[in-house]
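Visitor: I'm new to this one. Can you walk me through it?
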Amino acid sequence: MIKIEHLFKSFDGKEILKDINATFENGKVNLIIGQSGSGKTVLMKNIVGLLTPERGQILYDGRDFVKMKKKEQILLRREMGMIFQNAALFDSLTVLDNVMFPLNMFSSMCYEDRVKRAKHCLERVNLPGTENKYPKELSGGMQKRVAIARAIALEPKYLFCDEPNSGLDPKTSIVIDELIQDITHEDNITTIVNTHDMNSVMGIGESIIFICKGIVEWHGSNKEIINATNKKLEDFIFASDILRQVKEAQSTH
Amino acid sequence: MITIKGALVDTGRYVRLMGRTLTKPDRWNMFMKQYVTEMFQLGYNSIGIVLIISFFIGAVICLQIKLNIQSPWMPEMVVGYTTREIMLLEFSSSIMCLILAGKVGSNIASELGTMRITQQIDALEIMGVNSANYLILPKIAGLMTIMPILVTFSVASGIIGAFCTSFMGTVTVDELLVGFHYEFNQWFFWCGIIKAVVYAFIITSVASYKGYTVEGGSVEVGKGSTDAVVLSSVLILFADIFLTQILT
């Protein structure tokens, strides 16, 4: 479980995150949603340690990441996996080497076991047979799946996904979402997904926080979100006319 | 526009980056793999340009001295002697490193800059890898290791170039041989090696700093690459003055 308490972050005097409080539960897909510029990427960067907050606590199963020494932070990071918006695969390495990279760096397995583990991860994301390809030879969706395989190679306790569906078609987005959800449930991982894709929200949003201008405006689940009464959340969700029509149709039945 | 504050901030950030870079690698086998790759990419791939440029510069220095300096009052060995000293003391170390600052420096800065903007460096950090150490240390160690070989090749190629001018009839082989052997001081060769190794550190560390700290997009990567070449060239020229004073 990851708990955020009274988190503040500003850039050049401008407050981007204002007193964020949130709990991201174990074994669930936790979504951070909000419009572009709402502060969700800054929040995620603070959670994973790419940015340091001015105030507040980030508790990983009770361990305060902000107050940890550098060495302890590095050790904790080995329990994390992250999928970036653009996959962030290493261009110079093959798919297999990309997935093996964290194993090569941190595991004590022998070479054969590392290869076996990497191939198992690739099979899990439905990418067998791509081991010797380079990232540039793969489609966007395949790159994302390789990124997922790399992120789970070390069996992380915490999985972070920064807009995993960005740039993907709706069908591939659903595949990626389902993959993230399956991995989260099967491995009992604390997963945080940063998104503004409403398909993801409705499909995998077991626990959702909605951020607007650096403030948590609403939290709940995908079952509750449609009927939420928060004005800012409504504006965000029903920005699309189609969803508004669906809601209106539901209410008339 | 360069300001004093900006230069101080840059220096501080450079020192901090080097502090993170010059530490024990997380995994020695991964470091060695990267180290060999970098030696090949930065050093081996530069041998061609070093040989070509050194050959022609050696030949041109020889011709210029013969045509413009030698007179009936000058001893015959002046052409060979001066060509040798220029190649050993300045060209094969300093000037060749200025050329390599362009080739290798821009390569390093653009590679790391692209890794930065495509979040590959962030990915390393989140895995708990010391990205500066993993990416930069093998480049510094690789070029510093292979630089003495490049200097030796450059000197040899320059001297062969000078010899080749004898085919044009301007100088004779005997004239050159006398000059090349005249009061040869082995220390001058080592001076060139020491200088080039220092320059290798300047090229790789400055270019890595400029690439690693890129913020923005492709335009900033291009700017970082240009800045890396300009700054490392200027630093090489400054270092040349001090090293020449100290070593000779």
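Guide: Here is a short tour, from the whole chain to the sheets and then the chain contact. Keep in mind that this is a predicted model.

Visitor: How many helices and strands does chain A have?
Guide: Chain A has 10 helices and 10 strands.

Visitor: And what is its radius of gyration?
Guide: It is 19 Å for chain A. The globule rule gives 18 Å for 253 residues, which is close, so chain A is as compact as a globular protein of that length. Its C-alpha atoms fill a box of roughly 60 × 45 × 30 Å along the principal axes.

Visitor: What share of the residues in chain A is buried?
Guide: Buried residues make up 39% of the 253. As for contacts in chain A with a separation of 6 or more, 64% come from residues 24 or more positions apart.

Visitor: On to the sheets. What is the strand order in the sheet of 6 strands?
Guide: The order is S6-S7-S8-S3-S9-S10 in chain A. That sheet is open, and its pairing is mixed.

Visitor: Which strands stand at its edges?
Guide: S6 (80-83) and S10 (215-220) of chain A do. Each has a single partner strand, so one side of each is left without a neighbour in the sheet. On average, neighbouring strands here are turned by 20° against each other, direction ignored.

Visitor: How does S10(A) pair with S9?
Guide: In the antiparallel sense, over 5 bridges. S9 of chain A covers residues 207-212. One bridge pairs Ile209(A) with His219(A) in S10(A).

Visitor: Which helix packs on that sheet?
Guide: Helix H5 (residues 140-152) of chain A packs on it, touching S6 and S7 (158-162). The direction of H5 makes about 175° with that of S6(A).

Visitor: What about the sheet of 4 strands, parallel or antiparallel?
Guide: Antiparallel. It is an open sheet too, ordered S2-S1-S4-S5 in chain A. S2 (14-24) and S5 (63-64) stand at the edges with a single partner strand each, so one side of each has no neighbour in the sheet.

Visitor: And how many bridges join S1 and S4?
Guide: S1 (residues 2-11) and S4 (residues 55-60) of chain A pair over 5 bridges. Ile4(A) has Ile58(A) as its bridge partner in S4(A).

Visitor: New topic. How many residues does each chain give to the contact?
Guide: Chain A gives 14 residues and chain B gives 13. On the chain A side, H2 (70-77), S6 and H3 (95-106) each give two or more. H3(A) gives the most, with 3 residues.

Visitor: Polar or nonpolar, how does the chain A side divide?
Guide: Into 10 nonpolar, 2 polar and 2 charged residues.

Notes:
Residues are numbered from 1 along each chain as its sequence is written. Chains are lettered from A and ligands numbered from 1 in the order in which they are written. This is a predicted model: local features need pLDDT of at least 70, side-chain atom pairs count only at pLDDT 80 or more; totals for chains, interfaces and linings use all residues. Two strands pair if DSSP finds at least two bridges between them. Axes are lines fitted to C-alpha atoms, for helices over the stretch in contact, and angles run from 0 to 180 degrees between N-to-C directions. Two residues are in contact if their C-beta atoms, placed from the backbone, lie within 7 Å. Ala, Val, Leu, Ile, Met, Phe, Trp, Tyr, Cys and Pro count as nonpolar, Asp, Glu, Lys and Arg as charged, and the others, Gly among them, as polar. The radius of gyration is taken over C-alpha atoms; the globule rule is 2.2 Å times the number of residues to the power 0.38. A residue is buried if 20 or more other C-beta atoms lie within 10 Å of its own, exposed if 12 or fewer, and partly exposed in between; C-beta atoms are placed from the backbone.
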